[in-house]
Amino acid sequence: ALMTLTRCNEALVRCSTEAELLQAVCHAVVEAGGYRMSWVGYVDESKQKTVKPMFWAGHEEGYLSTLNIDLSDRKTARGPIGIAMRTGKPAVVRDILSDPSFAPWREEAAKRGYGSSVALPLVDLGHAYGTLCIYAAERDMFNEEEVVLLAQLAEDLSYGIKALRVRIERDHAETELRALARRLVQSQEDERRSIARELHDQTGQQLTFLKLLLDRVRRSSEKGAPPELEEAQKVASEIIGQVRSLSLSLRPGMLDDLGLLPALQWSLHDFTSKTKIEVDFKHSGIEREFSQPVGTAVYRIIQEALTNVARYAGVKRVAVSVRADGKKLTVQIRDQGAGFDPALLSLTSSGIRGSRERALSLGGEFTVESAPGRGTQVTVTLPLAQTRNA
């Protein structure tokens with residue numbers, strides 16, 4: 001029993017799925033403990049609380065198909081499994097051939113050489129949801145000390161099952177959150193695209209018409225244009241420029257029409273013209289079309305990183321690298337500026353958190369390396385499973 005407990009605890013550490021864990025425990029009971037057979041069953045609440053065998057090991061020879069354990073039936077509920085499930089404690093049958101509680105299964109058990117057994121409940125929050133049953137060839141097995149060790153095994157197994165289920169639920173929740181984040185980002189980008197096109201196609205055109213109209217009025221004036229008209233024309237020109245700039249900042253049309261590389265080249269040139277910070281831009285493998293989520297993520301992540309450089313780094317130059325092969329796209333933004341303590345990242349930059357979420361939502365990786373006075377390096381890797389060739 002001690003050897004079995006040790007092997008099963010090793011399985012708890014090693015196994016990554018519930019099925020793998022249950023199978024490993026059944027094999028450990030037989031191989032390390034020398035027992036004749038073991039099996040794990042769960043209560044099927046939808047079928048009148050029947051106990052359904054899930055995994056087993058050892059000399060089973062069709063025995064489990066004959067069990068028919070119904071916890072709502074008085075006859076089978078009084079057996080060792082029913083007792084263990086009801087009381088939450090191990091139920092030992094020292095002699096299968098004479099113990100009356102084992103009568104419904106005695107004949108089939110005797111055919112397979114089972115002499116004694118123990119049923120161990122699997123319990124979570126006081127509720128028994130399954131059982132680990134172990135059979136020995138000899139009679140009068142499973143003394144008190146042995147049962148204590150096997151009960152510990154069942155308790156450890158219950159803990160392992162719960163831990164795996166919690167992890168699966170957590171992974172599922174994270175997957176759902178990532179999917180929600182992707183939908184939210186896509187919704188935001190769609191809205192930005194719609195507003196940008198509205199500004200460019202409607203508002204921009206109307207303002208241009210207004211400017212032309214003012215110019216026509218100015219030129220048709222016989223006595224010369226009044227100062228107010230000149231000022232109105234100047235204001236109209238400024239508003240046109242602002243609307244164009246706002247439209248591009250919301251969603252540059254070239255990202256959708258021309259692709260990632262032209263959009264980045266324009267964005268980096270615009271960044272330099274506004275901030276006077278030179279950008280050392282290196283790229284390879286991005287002269288092609290990418291899926292919209294990947295292209296948008298790369299564009300926005302670089303945009304956010306450069307905004308942080310302009311605000312905090314205090315440098316005159318920044319390096320941007322974007323490289324893609326058949327499997328992944330890697331982005332790196334590096335500066336030799338002020339740097340910061342990454343431990344304070346969650347408190348200082350919601351923008352960086354947003355960039356990280358963009359990368360993670362696409363199954364990518366996002367890392368920030370920095371230290372006060374030593375600059376900052378942002379590295380993003382995105383898988384290209386959805387990439388399309390141009």
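User: In this predicted model, which helix holds Leu-164, and is Leu-164 buried or exposed?
Analyst: The model is predicted. Leu-164 has a relative accessible area of 8%, and the cut-off for buried is under 20%. Leu-164 is therefore buried. The helix that holds Leu-164 is helix 6, residues 144-220.

User: Which residues does Leu-164 contact, leaving aside its neighbours within four places in sequence?
Analyst: Leu-164 sits in helix 6. With its neighbours within four places in sequence set aside, the contacts of Leu-164 are Cys-15, Ser-16, Thr-17, Glu-18 and Leu-21.

User: How many Å apart in space are Leu-164 and Glu-146, C-alpha to C-alpha?
Analyst: In sequence, Leu-164 and Glu-146 are 18 residues apart. In space, C-alpha to C-alpha, the separation of Leu-164 and Glu-146 is 27 Å.

User: Why is strand 1 described as largely enclosed by the rest of the structure?
Analyst: Met-37, Trp-39, Gly-41 and Val-43 point one way from strand 1, while Ser-38, Val-40, Tyr-42 and Asp-44 point the other way, and all are buried. Strand 1 is largely enclosed because its buried residues number 8 of the 8.

User: How many bridges join strand 1 to strand 5, and what is the bridge partner of Tyr-42 in strand 5?
Analyst: Strand 1 pairs with strand 2 in the antiparallel sense over 8 bridges, with Asp-44 opposite Thr-50 in strand 2. Strand 1 and strand 5 also run antiparallel, joined by 6 bridges. In strand 5, the partner of Tyr-42 is Gly-130.

User: Which residue of strand 5 does Val-118 stand opposite?
Analyst: Strand 4 and strand 5 form an antiparallel pair over 9 bridges. The residue of strand 5 that stands opposite Val-118 is Ile-134.

User: What is the volume of the largest cavity, and which residues are closest to its centre?
Analyst: A search of the whole structure finds 1 cavity of 30 Å³ or more. The largest cavity has a volume of about 80 Å³. Of the 13 residues lining the largest cavity, the closest to its centre are Tyr-63, Pro-80, Ile-81, Phe-102 and Tyr-135.

User: How many residues of the lining of the largest cavity are nonpolar, polar and charged?
Analyst: Helix 4 (80-87), strand 4 (116-124) and strand 5 (127-136) each contribute at least two residues to the lining of the largest cavity. By residue class, the lining of the largest cavity has 12 nonpolar, 1 polar and no charged.

User: Which strands stand at the edges of the open sheet with mixed pairing?
Analyst: The 5 strands of this open sheet run in the order 6-7-8-10-9, with mixed pairing. Each edge strand has a single partner strand, so one side of each is left without a neighbour in the sheet. These edge strands are strand 6 (278-284) and strand 9 (365-370).

User: What is the bridge partner of Val-368 in strand 10?
Analyst: Strand 9 and strand 10 (residues 376-383) pair in the antiparallel sense over 6 bridges. The partner of Val-368 in strand 10 is Val-378.

User: At about what angle does helix 10 run to strand 8?
Analyst: Helix 10 (residues 292-313) lies across strand 7, strand 8, strand 9 and strand 10. The angle of helix 10 to strand 8 is about 10°.

Technical notes:
Residues are numbered from 1 along each chain as its sequence is written. This is a predicted model: local features need pLDDT of at least 70, side-chain atom pairs count only at pLDDT 80 or more; totals for chains, interfaces and linings use all residues. Side-chain values use heavy atoms; hydrogens and water are left out. On a 1 Å grid over the protein atoms alone, a cavity is a set of points where a 1.4 Å probe fits but cannot get out, and a pocket is an open set with protein on both sides within 12 Å along at least five of seven lines; lining residues have an atom within 4 Å of a point. Grid points are joined across faces, edges and corners, and a volume is the space filled by probe spheres set on the points. Helices (H or I, at least four residues) and strands (E, at least two) are DSSP runs, numbered from the N terminus. Ala, Val, Leu, Ile, Met, Phe, Trp, Tyr, Cys and Pro count as nonpolar, Asp, Glu, Lys and Arg as charged, and the others, Gly among them, as polar. Two strands pair if DSSP finds at least two bridges between them. Buried means under 20% relative accessible area, exposed over 50%, partly exposed in between (1.4 Å probe, protein chains only). Contact means heavy atoms within 4.5 Å. Axes are lines fitted to C-alpha atoms, for helices over the stretch in contact, and angles run from 0 to 180 degrees between N-to-C directions.
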